[in-house]
Amino acid sequence: METVQKYAVEIQDLTVAYDTKPVLWDIDLKIPKGTLMAVVGPNGAGKTTLIKALLGLLKPVTGAVRFMEGDDGLKTLKKRIGYVPQSGSVDWDFPATVQDVVLMGCYGKLGWIRRPRKEDMELAKQMLAKVGMEEYASRQISQLSGGQQQRVFLARALAQEADVYFMDEPFKGVDAQTERAIVTLLKELKDQGKTVVVVHHDLQTVPDYFDWVTLINLRVVASGPVKEVFHEENLKKTYHSSATLLRSVG
Ligand SMILES: Nc1ncnc2c1ncn2[C@@H]1O[C@H](COP(=O)(O)OP(=O)(O)OP(=O)(O)O)[C@@H](O)[C@H]1O
Ligand SMILES: [Mg+2]
């Protein structure tokens with residue numbers, strides 16, 4: 001019997017615009033459950049926009065995004081979505097400690113009104129330990145380095161115990177040791193059957209870190225198993241315009 005592919009997310013005919021200028025065109029994507037997927041493409045390709053649209057933070061011009069669970073129809077999983085934003089995109093003007101930020105992950109599950117329970121505090125502590133930030137729990141988030149903030153965001157997403165994760169360049173600006181720690185975490189999430197979508201710039205490491213890849217540049221150039229779609233021709237199509245641009249500048 002043919003196995004039915006299970007999708008965590010299905011995107012149909014998605015077009016997203018800022019003001020009236022579309023920056024993502026006719027996106028059709030199916031993200032299989034349990035994949036560790038890289039989203040690659042040049043600067044300005046629409047990667048962050050895609051993630052924001054999937055999270056419902058941006059309203060698409062057309063199209064639909066569906067989150068699914070198992071075989072039993074179209075159960076919405078919106079509450080079970082974890083998000084690690086692109087670093088530098090969050091302005092920490094308000095006072096919040098590292099622990100507060102990680103606890104926000106728990107509140108996502110619990111609702112804002114609820115006070116953190118002992119279990120939540122314990123979970124927050126565990127997740128901070130996982131990213132090597134346990135000692136910083138009472139530090140103001142604004143007083144951390146960029147790489148440290150990135151790790152705290154990751155701990156927050158882990159505390160959410162989501163089914164689907166979206167991470168916007170989690171490796172940006174982190175040192176080699178942190179990068180390895182993050183890779184280990186991503187693989188752990190995958191082993192737990194979670195679906196993880198990661199915006200990634202380092203093409204060299206794609207085959208090593210990910211099993212699935214989506215190449216985008218305003219449109220989807222290709223999406224599928226790394227072994228099948230991550231090849232020179234598709235990369236050329238994806239990076240074509242910026243490569244030409246660089247050549248004409250240089
Ligand atoms: N708030 C905004 N208002 C208007 N245009 C925007 C806005 N945010 C992004 N854009 C434009 O939309 C396009 C896609 O941007 P997006 O941030 O999604 O790119 P990206 O692929 O994430 O790039 P990067 O690799 O630099 O993070 C770009 O041309 C960008 O200038
Ligand atoms: Mg981006």
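How many nonpolar, polar and charged residues does the shell around ligand 1 have? In this predicted model, local features need pLDDT of at least 70 and side-chain atom pairs count only at pLDDT 80 or more, whereas totals for chains, interfaces and linings use all residues. Residues are numbered from 1 along each chain as its sequence is written, and side-chain values use heavy atoms, with hydrogens and water left out.

The shell comprises four nonpolar, seven polar and two charged residues; Ala, Val, Leu, Ile, Met, Phe, Trp, Tyr, Cys and Pro count as nonpolar, Asp, Glu, Lys and Arg as charged, and the others, Gly among them, as polar. Of these 13 residues around ligand 1, G44, G46, K47, T48 and T49 come nearest, a residue being near if one of its heavy atoms lies within 4 Å. Helix α1 (residues 47-55) supplies the largest share of the shell, three residues; helices (H or I, at least four residues) and strands (E, at least two) are DSSP runs numbered from the N terminus.

Polar contacts are pairs of N or O atoms within 3.5 Å. A polar side-chain atom of H201 lies 3.0 Å from an oxygen atom of the ligand, and a polar backbone atom of A45 is 3.2 Å from an oxygen atom of ligand 1.

Six strands form an open sheet of mixed pairing, in the order β5-β6-β7-β3-β8-β9, where two strands pair if DSSP finds at least two bridges between them. At its edges, β5 (81-84) and β9 (219-225) each pair on one side only. Strands β6 (residues 164-168) and β7 (residues 195-199) run parallel and are joined by five bridges, with D168 opposite V199 in β7.

Conventions:
Chains lettered and ligands numbered in written order. Polar contact = N/O pair within 3.5 Å; in protein donor to acceptor, adjacent residues only side chain to side chain.
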